[in-house]
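I looked up each item in turn.

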Amino acid sequence: MAKIIGRDFIPSDIHSKVTGRAKYAEDIRMDGMLFCRLLKSPIPHARVKSLDYSEALSMEGVVSVLTADEVSQTPGPSDNILTNEPHFVGEPILAVAAVSEKIAQDAIDRIKIELVPLPFCLDPLESLRPEGPNARVDGNTIVRGEGVKEIKWKEEDFLEVAGELPMGEPGVEWSYGELERGFEDASLILDESFVTASNAHHSMEPRSAMAFWQNGKCHIYGSTQSQAIVVPGLARYIGIEPEDLVYISQYCGGGFGSKGGAYPLMAIPALLSKKTSRPVLMRISRAEEYFLGSARIGFQGRIKLGFRDDGRITAVDLYIVQENGPNTGFGDMGSAADAVSLVYTPMAMRYRGISILTNTPPRGAQRGPGQNQIAAAVEPLIDKAAKRLGIDGVKIRRLNAPDSRSLYGGSRNPVTSAHLREALDKGAKKFGWNEKKSESGSRKGSKVIGVGVGQAFHSAGSSGFDGLVRISTDGKLHIHTGVGNLGTYSYAATSRVAAEILGYRWENCEIVRGDSSKHLPWNNGQFGSNTSFTMTRTNYVAAMDALQKLKELASISLGGSWEDYDIENETVVNKGDSNLSMSYGDLAVKAIEIGGRYSGKELASDDLNEMTIRAVEGLAGTGLIGVARDNLDRTGTVPALAAGFIKIELDIETGAIRILDYLGVADCGTVLHPQGLAAQVKSGAIMGFGMACTERHFYDSQWGIPGGVGFYQAKPPSYLDVPLELGWDAVDIPDPQNPVGAKGIGEPLMGCATSALLCAISDALGGHYFNRTPVVPDMIVNAAAGQEQSHSPLQVNTQ
Amino acid sequence: MAKGNFRRYDLHESQQNCSLENIDFCDSSTVPFLNERYSRRDFIKGVIASGIAIAGIPYMASGQVRPTSSLGSVERLVSLNVNGQVRRVDVLPNETLVMTLRYKLGLTGTKLGCDRGECGACTVLIDDVDHYACSTLTHRVRNREVTTVEGLENSEGELHPVQSAFVRELAPQCGFCTPGQVMSAVALLKKNSNPTREEVRIALSGNLCRCGAYDHYLNGVMSAAQEINRG
């Protein structure tokens with residue numbers, strides 16, 4: 001096997017990316033198209049008292065206005081389409097459609113709005129104080145199944161040691177093993193508080209959307225990482241049935257979690273288009289992206305780690321206060337705890353967490369949500385312990401690393417396969433860890449060498465979605481995928497499994513994607529590093545169904561049993577008599593002739609999703625249809641694991657960091673697409689460097705106004721911030737629960753680089769641990785000079 | 001504004017009428033000195049160059065320009081040489097090149113990533129020099145040759161060496177910054193066909209890529225340079 005899997009190829013969409021032909025949402029034009037602009041809240045929490053848009057509406061060129069009263073209101077703390085009670089600066093209150101964007105903006109400027117300011121909260125710990133502000137009128141936290149509630153800690157909870165995280169009543173809690181005994185058995189205990197800053201996603205393409213209605217169906221060109229999974233949620237926002245939505249997202253100009261599924265903003269042009277009977281384009285600006293474009297959740301946390309003499313972790317007690325934004329947010333803190341349980345396999349562990357609402361941008365998943373923050377917080381502490389115990393940094397990580405028998409999270413789930421130790425070994429060897437480590441601390445002028453290793457994890461695979469392929473009468477294989485196109489080319493790499501199973505030349509295959517009217521199956525979204533695992537399975541089961549049907553049709557046409565047939569060069573051949581053969585194209589003709597389940601006129605199984613059923617109905621009678629739900633075994637969490645190795649030069653006079661060398665090593669099972677994986681290992685690291693050293697949201701504490709609303713303020717890395725070349729490798733050990741051995745990997749590739757870089761900075765400073773991200777130059781200068789930092793230990797919104 | 005390596009300071013005060021945002025307090029006002037120093041002056045220079053009286057500025061700033069021509073105002077119907085074709089186009093006095101290309105000429109390959117000279121997604125060539133089209137007034141490119149990503153393929157439809165190298169090296173990820181990266185690379189290779197990797201990095205440093213595909217873009221440009229030098 002494996003003529004196609006594991007080899008490089010040219011993805012079909014790359015040509016249009018280099019020629020500019022790729023159409024993103026804002027590239028779509030239609031006759032009579034209107035432009036929409038948003039009236040957004042200028043303050044972090046308010047209630048609209050009065051709204052007068054009569055003057056705006058009377059302006060020449062203004063066609064319509066959409067208010068919060070006209071859109072479906074999502075319950076409780078969900079993200080709103082439009083609202084009369086904005087909970088963050090920049091939350092949309094009203095939208096205007098006009099013949100030009102300029103007129104729409106002029107109209108916005110003429111709207112008279114009166115807002116009643118309400119209390120707002122920027123720091124979760126402040127909200128937990130007895131008299132602290134709540135981000136929402138009805139409370140400051142979300143309790144699962146109950147909605148928004150108020151939880152306040154007692155005054156005495158805050159009286160503990162200054163600089164350590166107070167730990168009052170948690171919102172959630174789990175534990176396993178004997179925690180106290182674990183700490184009793186430890187010869188070294190670290191008890192450390194930490195802060196990880198929230199930061200923006202910075203997708204290069206703002207979340208613009210274009211909508212029009214035709215024959216009762218709403219067509220939307222959107223910017224999402226995913227395709228099929230967007231449809232039900234977006235239809236709900238618009239108030240239509242999923243089959244009445246045509247959703248097109250052929251290209252997505254970056255999402256990183258922020259465009260994983262449907263988001264309410266996309267409903268605005270759809271609803272304005274319905275109201276005006278004209279196409280509507282909503283262009284989102286760069287500044288608006290910083291308000292509306294989601295953000296990573298920030299942590300204020302505390303971790304107590306118990307180590308044996310040899311470095312083995314006996315017990316972990318983790319507490320996380322999560323800055324959740326004003327709405328539903330995301331489950332970062334729980335994911336962080338789960339990650340700790342697997343990456344360090346502590347013998348006993350307790351996790352407590354509370355998610356606190358703040359009047360800051362709504363939070364969502366950002367690459368490694370939770371896992372990467374905790375990697376940034378804990379990995380330097382592993383070094384701190386190693387230093388005290390006199391153990392090498394790689395050695396202590398190897399000792400605590402998971403293997404395929406390790407268990408995951410509070411529920412102690414099994415995992416499908418885990419090879420972090422192999423990643424560490426492979427990386428240490430290739431990087432030259434021992435040699436480089438010997439240079440650590442060496443100094444030339446003001447420049448000091450630092451060396452670090454970091455690790456990260458993300459669960460990377462799901463199951464239960466559908467696969468769909470079609471062989472047309474010309475013998476071509478059409479692989480229908482509803483997964484989306486976030487830019488990793490995994491939509492294509494995973495589609496190649498179908499070609500592999502059916503013995504196709506890749507040149508004779510076509511991937512059908514990006515438009516729900518093209519009969520796409522129900523697939524998971526391109527998020528959570530799941531595509532490589534999930535979509536290889538769906539394409540495998542669909543191809544297996546097609547393979548079976550090919551053989552059956554050959555036996556019907558040529559005699560014998562289907563078991564007498566095999567495939568060769570896109571032809572089905574009788575094993576005993578090679579003269580008895582039929583081409584795939586001819587068998588597709590036969591499929592149409594016989595009909596039934598062969599051509600999709602009937603469905604053999606009743607477990608397919610409705611979206612897949614509609615897709616098959618649309619294709620029925622046009623060829624041989626292979627379709628199936630992924631019912632393959634999956635008995636555990638699918639771990640994506642990664643290790644990063646880094647060498648830096650740190651200038652203790654300026655705080656500047658130059659990365660001299662970086663190597664990332666992935667445990668992603670079988671490598672599907674080496675060139676694509678190389679790109680992910682290296683580029684994920686670059687995103688990780690930004691998280692470690694530059695990126696953060698911050699707010700003016702008096703007015704709650706965000707300060708980071710431009711690239712130059714929020715600082716994603718540029719060419720000049722990263723090394724000229726980066727290194728990569730992969731463990732390449734197949735996962736036993738995937739038909740081709742593949743697992744996902746995207747997210748930990750970032751976290752291992754973030755944590756490696758933070759470890760190297762601490763190494764260069766001779767073991768100064770900041771317990772904070774990002775570590776910005778003035779912090780380094782202060783640390784090097786032995787000065788106090790300008791922020792207090794648990795402060796958020798620092799520069 | 002010609003592209004430099006100081007992208008973080010190439011800030012404009014929402015010069016584009018359409019995204020002047022009434023509530024982005026921190027958007028540009030946090031760096032007023034930068035605006036004073038770089039953008040406002042540059043912008044005024046641009047307006048003067050395009051034949052508009054300075055008195056016209058308040059109108060633009062408040063977004064009140066009427067789509068009618070008045071006595072003494074600039075000729076709005078202009079000829080633009082884009083990708084070797086001269087095209088007549090109706091251009092507002094304060095219109096930026098990226099808006100003209102994308103919304104008047106249908107050339108959507110040039111992307112709008114930030115609309116304020118920070119990200120480089122809108123990079124085009126003006127007389128073979130790379131510029132941010134979001135920070136260039138269309139009236140300033142009259143009688144100049146503008147090249148966009150759509151103008152790089154030869155008459156047989158063959159890709160420019162930079163484009164084919166980017167395909168080979170799997171340089172783009174999400175692809176949104178790619179046209180800008182391509183144009184910056186083409187501009188570099190026009191003036192230096194044998195650059196070092198460091199020179200390429202500096203030349204492309206005005207082009208942000210959030211996917212972080214820098215390494216593969218650099219591989220692509222180095223590979224393209226080799227191909228060009230092989231002839």
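I began with helix α11 (residues 393-400) and helix α12 (residues 420-431) of chain A, which pack at an angle of about 160 degrees with their axes 9 Å apart. Helices here are DSSP runs of H or I with at least four residues, strands are runs of E with at least two, and both are numbered from the N terminus. Axes are lines fitted to C-alpha atoms, for helices over the stretch in contact, and angles run from 0 to 180 degrees between N-to-C directions. α11(A) and α12(A) are therefore roughly antiparallel (angles over 145 degrees; under 35 is roughly parallel, 65 to 115 roughly perpendicular, the rest oblique).

I noted that this is a predicted model, where local features need pLDDT of at least 70 and side-chain atom pairs pLDDT 80 or more, while totals for chains, interfaces and linings use all residues. Residues are numbered from 1 along each chain as written, chains are lettered from A and ligands numbered from 1 in the order written, and side-chain values use heavy atoms, without hydrogens and water.

I then read the handedness: α11(A) passes α12(A) in a left-handed crossing (the near helix is turned anticlockwise from the far one by less than a right angle; clockwise is right-handed). The contact (heavy atoms within 4.5 Å) is made by A:Val394, A:Arg397, A:Arg398 and A:Leu399 of α11(A) with A:Arg421, A:Leu424, A:Asp425 and A:Ala428 of α12(A).

Next I took the interface, where 71 residues of chain B and 81 residues of chain A are in contact. The two chains bury about 6300 Å², 57% of it on carbon and sulfur atoms (accessible area, 1.4 Å probe, that two parts lose on being put together, summed over both). I counted seven salt bridges between the chains (a side-chain nitrogen of Lys or Arg within 4 Å of a carboxyl oxygen of Asp or Glu). B:Glu153 and A:Arg21 form a salt bridge at 3.1 Å, N to O.

Last, I looked at the backbone. A cis peptide bond joins A:Thr773 and A:Pro774, with omega about -10 degrees. A:Ser294, not a glycine, has a positive phi of about 70 degrees.
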